[in-house]
Amino acid sequence: SFNLKEDFLQDNELQATIAPSVPYQILDHLVQRSILTSEYGIKLYNVYSESRYGKPSCQSTSHPFLSWSTAQSMVTLVHLRESLGINIFESDLSDHLVIDFGGGYGNLSRLLLSLNNQNQVAIVDIPNMLEIQKHYLSKTCPYHCMDQVNFFESNPNGWRHLLEKFPNKIKHFNATYSLSECTEDVIFQAEENLVRHCNSIFLVF
(Lines give C-alpha, C1' and ligand atoms only; values in the text may rest on other atoms or scores of the structure.)
Protein backbone atom coordinates (compact mmCIF):
# COMPACT_ATOMS: atom_id res chain seq x y z
CA SER A 1 0.00 0.00 0.00
CA PHE A 2 1.28 3.48 -0.90
CA ASN A 3 1.18 6.67 1.10
CA LEU A 4 -1.48 8.47 -0.93
CA LYS A 5 -0.45 12.04 -0.26
CA GLU A 6 -0.47 14.98 -2.66
CA ASP A 7 2.83 13.99 -4.31
CA PHE A 8 2.23 10.22 -4.36
CA LEU A 9 3.14 9.97 -8.06
CA GLN A 10 6.70 10.82 -7.08
CA ASP A 11 6.96 7.42 -5.38
CA ASN A 12 9.89 5.53 -6.93
CA GLU A 13 7.92 2.32 -7.42
CA LEU A 14 5.04 4.11 -9.13
CA GLN A 15 7.42 6.07 -11.35
CA ALA A 16 8.98 2.79 -12.42
CA THR A 17 5.59 1.37 -13.44
CA ILE A 18 2.44 3.47 -13.93
CA ALA A 19 3.71 7.07 -13.65
CA PRO A 20 7.05 7.16 -15.48
CA SER A 21 9.11 10.27 -16.01
CA VAL A 22 10.40 10.15 -19.59
CA PRO A 23 12.79 12.45 -21.50
CA TYR A 24 10.95 15.42 -22.92
CA GLN A 25 12.09 14.52 -26.45
CA ILE A 26 10.10 11.26 -26.30
CA LEU A 27 6.97 13.03 -25.06
CA ASP A 28 7.31 15.73 -27.74
CA HIS A 29 7.66 13.04 -30.41
CA LEU A 30 4.58 11.21 -29.12
CA VAL A 31 2.49 14.38 -29.24
CA GLN A 32 3.60 15.28 -32.76
CA ARG A 33 3.35 11.74 -34.14
CA SER A 34 0.20 10.40 -32.47
CA ILE A 35 -1.96 13.28 -31.20
CA LEU A 36 -1.56 16.33 -33.42
CA THR A 37 -1.91 14.36 -36.64
CA SER A 38 -5.73 14.32 -36.73
CA GLU A 39 -8.55 16.78 -36.18
CA TYR A 40 -9.80 14.66 -33.30
CA GLY A 41 -6.37 14.54 -31.66
CA ILE A 42 -5.98 18.31 -32.02
CA LYS A 43 -9.36 18.81 -30.35
CA LEU A 44 -8.28 16.56 -27.48
CA TYR A 45 -5.04 18.47 -27.09
CA ASN A 46 -6.82 21.83 -27.08
CA VAL A 47 -9.34 20.92 -24.39
CA TYR A 48 -7.46 18.53 -22.08
CA SER A 49 -6.43 19.52 -18.59
CA GLU A 50 -3.57 18.09 -16.57
CA SER A 51 -4.29 17.48 -12.92
CA ARG A 52 -1.39 18.48 -10.71
CA TYR A 53 -2.61 16.23 -7.92
CA GLY A 54 0.02 13.60 -7.18
CA LYS A 55 2.63 15.82 -8.88
CA PRO A 56 2.98 13.98 -12.18
CA SER A 57 6.21 14.72 -14.00
CA CYS A 58 5.84 17.41 -16.69
CA GLN A 59 9.27 18.09 -18.19
CA SER A 60 8.63 19.29 -21.73
CA THR A 61 9.06 23.00 -22.41
CA SER A 62 6.91 22.57 -25.54
CA HIS A 63 4.11 20.97 -23.51
CA PRO A 64 4.78 22.14 -19.94
CA PHE A 65 1.41 21.04 -18.56
CA LEU A 66 1.38 17.56 -20.08
CA SER A 67 2.57 14.41 -18.30
CA TRP A 68 3.58 11.19 -20.03
CA SER A 69 0.54 9.43 -18.56
CA THR A 70 -1.88 12.04 -19.91
CA ALA A 71 -0.18 12.01 -23.33
CA GLN A 72 -0.50 8.20 -23.46
CA SER A 73 -4.14 8.43 -22.39
CA MET A 74 -4.83 10.94 -25.16
CA VAL A 75 -3.19 8.59 -27.68
CA THR A 76 -5.48 5.80 -26.41
CA LEU A 77 -8.52 8.05 -26.96
CA VAL A 78 -7.31 8.82 -30.49
CA HIS A 79 -6.94 5.09 -31.18
CA LEU A 80 -10.38 4.35 -29.73
CA ARG A 81 -11.80 6.93 -32.13
CA GLU A 82 -9.88 5.60 -35.15
CA SER A 83 -10.31 1.88 -34.42
CA LEU A 84 -13.73 1.66 -32.78
CA GLY A 85 -15.42 4.92 -33.74
CA ILE A 86 -15.83 6.02 -30.12
CA ASN A 87 -16.19 9.80 -29.99
CA ILE A 88 -16.00 10.80 -26.33
CA PHE A 89 -17.32 14.27 -27.13
CA GLU A 90 -20.71 12.94 -28.26
CA SER A 91 -23.50 14.36 -26.14
CA ASP A 92 -25.28 11.09 -25.37
CA LEU A 93 -23.08 8.20 -24.34
CA SER A 94 -25.42 6.90 -21.65
CA ASP A 95 -25.73 3.52 -23.39
CA HIS A 96 -21.96 3.01 -23.54
CA LEU A 97 -19.45 1.75 -21.01
CA VAL A 98 -15.66 1.91 -21.32
CA ILE A 99 -14.05 -0.96 -19.42
CA ASP A 100 -10.49 -0.03 -18.52
CA PHE A 101 -8.67 -3.27 -17.71
CA GLY A 102 -5.73 -2.23 -15.58
CA GLY A 103 -6.48 1.43 -14.98
CA GLY A 104 -3.05 2.76 -14.06
CA TYR A 105 -3.54 5.41 -11.41
CA GLY A 106 -6.86 6.45 -12.97
CA ASN A 107 -5.73 9.09 -15.44
CA LEU A 108 -7.53 7.73 -18.51
CA SER A 109 -10.76 7.62 -16.50
CA ARG A 110 -10.14 11.18 -15.31
CA LEU A 111 -9.83 12.36 -18.91
CA LEU A 112 -12.96 10.49 -19.99
CA LEU A 113 -14.99 11.98 -17.15
CA SER A 114 -13.59 15.51 -17.37
CA LEU A 115 -14.05 15.78 -21.15
CA ASN A 116 -17.65 14.55 -21.07
CA ASN A 117 -19.55 13.84 -17.86
CA GLN A 118 -21.85 11.48 -19.79
CA ASN A 119 -19.00 9.01 -20.21
CA GLN A 120 -19.26 5.92 -18.03
CA VAL A 121 -16.22 3.93 -16.96
CA ALA A 122 -15.58 0.63 -15.23
CA ILE A 123 -12.05 0.10 -13.94
CA VAL A 124 -10.96 -3.50 -13.49
CA ASP A 125 -7.79 -4.01 -11.47
CA ILE A 126 -6.15 -5.59 -8.46
CA PRO A 127 -7.18 -4.30 -5.00
CA ASN A 128 -4.09 -2.16 -4.31
CA MET A 129 -4.47 -0.37 -7.62
CA LEU A 130 -8.20 0.15 -7.10
CA GLU A 131 -7.31 1.90 -3.85
CA ILE A 132 -5.00 4.28 -5.73
CA GLN A 133 -7.54 4.91 -8.50
CA LYS A 134 -10.39 5.65 -6.10
CA HIS A 135 -8.21 8.08 -4.17
CA TYR A 136 -6.88 9.84 -7.27
CA LEU A 137 -10.28 10.21 -8.95
CA SER A 138 -11.91 11.41 -5.75
CA LYS A 139 -9.35 14.23 -5.67
CA THR A 140 -9.38 15.15 -9.37
CA CYS A 141 -12.94 14.64 -10.67
CA PRO A 142 -16.01 16.76 -9.96
CA TYR A 143 -18.04 15.14 -7.20
CA HIS A 144 -20.98 14.28 -9.46
CA CYS A 145 -18.67 12.49 -11.93
CA MET A 146 -17.75 9.86 -9.35
CA ASP A 147 -21.18 8.32 -9.98
CA GLN A 148 -20.00 7.63 -13.53
CA VAL A 149 -17.06 5.41 -12.57
CA ASN A 150 -17.25 1.93 -11.04
CA PHE A 151 -14.50 -0.27 -9.65
CA PHE A 152 -14.25 -4.05 -9.91
CA GLU A 153 -11.59 -6.49 -8.76
CA SER A 154 -9.89 -8.33 -11.58
CA ASN A 155 -11.04 -11.86 -10.89
CA PRO A 156 -13.98 -14.02 -12.03
CA ASN A 157 -16.26 -12.67 -9.28
CA GLY A 158 -15.42 -9.08 -10.13
CA TRP A 159 -15.97 -9.64 -13.84
CA ARG A 160 -19.31 -11.30 -13.15
CA HIS A 161 -20.42 -8.42 -10.94
CA LEU A 162 -19.52 -5.96 -13.69
CA LEU A 163 -21.56 -7.81 -16.30
CA GLU A 164 -24.49 -8.18 -13.91
CA LYS A 165 -24.48 -4.47 -13.09
CA PHE A 166 -24.36 -3.37 -16.73
CA PRO A 167 -26.25 -6.05 -18.68
CA ASN A 168 -27.49 -3.74 -21.42
CA LYS A 169 -24.59 -1.36 -21.93
CA ILE A 170 -22.59 -1.24 -25.16
CA LYS A 171 -19.29 -2.36 -23.68
CA HIS A 172 -15.90 -1.25 -24.99
CA PHE A 173 -12.98 -3.23 -23.56
CA ASN A 174 -9.67 -1.36 -23.31
CA ALA A 175 -6.42 -2.97 -22.17
CA THR A 176 -3.39 -0.79 -22.78
CA TYR A 177 -0.20 -2.57 -21.70
CA SER A 178 -2.14 -4.42 -19.01
CA LEU A 179 -3.59 -7.69 -20.26
CA SER A 180 -0.18 -8.58 -21.66
CA GLU A 181 1.27 -8.33 -18.14
CA CYS A 182 -1.04 -11.07 -16.87
CA THR A 183 -0.29 -14.77 -16.77
CA GLU A 184 -1.63 -16.95 -19.57
CA ASP A 185 -4.18 -18.41 -17.17
CA VAL A 186 -5.53 -14.95 -16.24
CA ILE A 187 -5.63 -13.90 -19.89
CA PHE A 188 -7.63 -17.02 -20.77
CA GLN A 189 -10.05 -16.50 -17.86
CA ALA A 190 -10.50 -12.81 -18.73
CA GLU A 191 -11.20 -13.65 -22.36
CA GLU A 192 -13.76 -16.29 -21.44
CA ASN A 193 -15.50 -14.45 -18.61
CA LEU A 194 -15.30 -10.79 -19.63
CA VAL A 195 -13.80 -9.91 -23.00
CA ARG A 196 -16.10 -12.07 -25.11
CA HIS A 197 -19.12 -10.30 -23.60
CA CYS A 198 -17.93 -6.90 -24.87
CA ASN A 199 -19.07 -5.26 -28.08
CA SER A 200 -15.64 -3.94 -29.06
CA ILE A 201 -12.08 -4.61 -27.96
CA PHE A 202 -8.99 -2.43 -28.04
CA LEU A 203 -5.69 -4.02 -26.98
CA VAL A 204 -2.15 -2.68 -26.83
CA PHE A 205 0.49 -5.29 -25.98
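Is threonine 61 buried or exposed? In this predicted model, threonine 61 is exposed, with a relative accessible area of 72%.

**View 1. Threonine 61 sits in a loop between two helices.** Let us start with the residue from the opening question. The loop that holds threonine 61 runs between helix H3 (39–47) and helix H4 (68–84).

**View 2. Five strands make an open, parallel sheet.** Reading across the sheet, the strand order is S3-S2-S1-S4-S5. Strand S3 (149–153) and strand S5 (200–204) stand at the edges, and each has a single partner strand, so one side of each is left without a neighbour in the sheet. On average, neighbouring strands are turned by 20 degrees against each other, direction ignored.

**View 3. Strands S1 and S4 pair within the sheet, and helix H7 packs on it.** Strand S1 (residues 96–101) runs parallel to strand S4 (residues 170–176), and five bridges join the pair. A handy landmark here is isoleucine 99, which stands opposite phenylalanine 173 in S4. Helix H7 (residues 156–165) packs on this sheet and touches S1, strand S2 (121–125), S3 and S4. The direction of helix H7 makes about 150 degrees with that of S3.

**View 4. A salt bridge links arginine 160 and glutamate 164.** Side chains of opposite charge can pair when their charged atoms come close. The closest N and O atoms of arginine 160 and glutamate 164 are 3.8 Å apart, and a salt bridge needs such atoms within 4 Å. The count for the model comes to one salt bridge. Because arginine 160 and glutamate 164 are four residues apart in helix H7, about one helical turn separates them. Arginine 160 is partly exposed, at 38% relative accessible area, whereas glutamate 164 counts as exposed at 53%.

**View 5. Three residues make a nonpolar surface patch.** Our last stop is the patch made by Ile201, Leu203 and Phe205, with an area of about 300 Å². Phenylalanine 205 is found in the segment after S5. With a relative accessibility of 59%, phenylalanine 205 counts as exposed.

Conventions
Residues numbered from 1 in each chain as written. Predicted model: local features only at pLDDT ≥ 70, side-chain atom pairs only at ≥ 80, totals over all residues. Heavy atoms only, no water. Buried < 20%, exposed > 50% of the residue type's maximum accessible area, 1.4 Å probe, protein only. Pairing = 2+ DSSP bridges. Axes fitted to C-alpha atoms, helices over the stretch in contact; angles between N-to-C directions. Contact = heavy atoms within 4.5 Å. Patch = residues over 30% accessible without salt bridge, like charges linked within 9 Å, V, L, I, M, F, W, Y side chains within 5 Å. Areas by Shrake-Rupley, 256 points an atom, 1.4 Å probe, with all protein chains shown as cover. Salt bridge = Lys/Arg side-chain N within 4 Å of Asp/Glu carboxyl O.
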